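This briefing covers salt bridges, helix packing and sheet architecture in a single model. Please consult the sequence and the structure alongside the points that follow.

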Amino acid sequence: MAIILDVMGSDNYPHPEIEAAVNFCKREKTKLILIGNEELIHQELKKYDYQGDCLEIVHAPEIVEMWDKPVESARSKPNNSMAIGIKQIRDKNQDAFVTAGNTGGAMFNAIRTLGRIKGVERPALPAVIPTQSGKCVAVDVGVNVDCKPEFLVQFALFGSTYAKIMLGIENPRIGLLANGEEAGKGNALVKETYLLLKETNLNFIGNVEGKEVFGGKVDVVVMDGFVGNVFLKGSEAIAKFMFDSLKSELYSSTRNKIGAALAQPAFRNLKKMMDPDEIGALPLLGVDGLVLIGHGRSNTRAIESALIQAQRSIDANLLAEMTNTLQKELVK
């Protein structure tokens, strides 16, 4: 087993990636292949006391920056870390690629190098969000801004399959995010998608609002990438605002500090449940290979979590299971 890590992906590369790789290798036996500027990688590795043989370095002299356009960067920077890393899956038969870099760049390189699973129109990026009853898979959260109804139907299938394999939910309940629960709510895309989902064999329960999602009424929520990205980042921002505000109030007086100390275990558990760094990255679904994408602002803990997610995906045989399901449903 080997996981490929894009060392030049995050906003603060290469520090979070290298520190996470060293920490991961101290606990796990999985081989890590570090892709990036070889000189920078060696400089950063000198800061850590690691003498193991878990790490391998592959030089990539160019970087896809967050502001780069995917197609243009592929032409002007053919030796970028994403392109070279994803080619390792195709040419070297490695197991998974992890990046906290440019999402569009990762998707473009994944499709260009690995291709789509047969029958897939557009790959999609999921997120796993906490709810009152457990977890919910939200898809798509950022790679498909403009969508057709048929794309969203496939996203529902992606999310349902992922929930079965990775979350152990036998018959996932699927909701379509809308501005109301009634069948006639939503824009043209939502209305047309609703009708198509009603005709599938999926466990589609209808339209849902945000309160149903976080209330645990669905296991998968479907939306286009624009709405999904706003939904996800808005949710994360609200959670951070609530925790920061609560922390400020709890430490505003001696009496409050005493109460905070007593409630600390509960607050710690709640923070862990809602912290996106606990997930780190999730796989681009519909691509014929395991390509996991995380936040550009990922810190060391987030990158470690991303590597753990990659290993879990490999152990669960996610790609093969996803491929089998999609081909049964999409290839007639």
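The count of salt bridges comes to 13, a salt bridge being a side-chain nitrogen of Lys or Arg within 4 Å of a carboxyl oxygen of Asp or Glu. The model is predicted: local features need pLDDT of at least 70, side-chain atom pairs count only at pLDDT 80 or more, and totals for chains, interfaces and linings use all residues. Residues are numbered from 1 along each chain as its sequence is written, and side-chain values use heavy atoms, with hydrogens and water left out.

- E304 and R27 form a salt bridge through their side chains, at 2.9 Å from N to O.
- This pair links distant parts of the chain, with E304 in helix α11 (residues 300–315) and R27 in helix α1 (residues 15–27), 277 residues apart; helices here are DSSP runs of H or I with at least four residues, and strands are runs of E with at least two, numbered from the N terminus.

**Packing of α1 and α11**

- The contact (heavy atoms within 4.5 Å) involves residues including A20, F24 and R27 of α1 and I303, E304 and L307 of α11.
- By class, this contact of α1 with α11 has seven nonpolar, four polar and four charged residues (Ala, Val, Leu, Ile, Met, Phe, Trp, Tyr, Cys and Pro count as nonpolar, Asp, Glu, Lys and Arg as charged, and the others, Gly among them, as polar).

**Packing of α6 and α12**

- Helix α6 (residues 149–167) and helix α12 (residues 318–330) have axes that come within 10 Å and cross at roughly 140°.
- α6 and α12 are therefore oblique to each other.
- Among the residues in contact are L157, F158 and I165 of α6 and M322, L326 and L330 of α12.
- The contact of α6 with α12 comprises nine nonpolar, three polar and two charged residues.

**The sheet**

- Five strands form an open sheet in the order β5-β6-β9-β7-β8, with mixed pairing (two strands pair if DSSP finds at least two bridges between them).
- β5 (126–131) and β8 (204–208) stand at the edges with a single partner strand each, so one side of each has no neighbour in the sheet.
- Strands β7 (residues 174–177) and β9 (residues 220–222) run parallel and are joined by three bridges.
- L176 stands opposite V222 in β9.
- Helix α7 (residues 188–198) packs on the sheet and touches β7 and β8, its direction making about 165° with that of β8.

Terms used:
Axes are lines fitted to C-alpha atoms, for helices over the stretch in contact, and angles run from 0 to 180 degrees between N-to-C directions. Angles under 35 degrees count as roughly parallel, over 145 as roughly antiparallel, 65 to 115 as roughly perpendicular and the rest as oblique.
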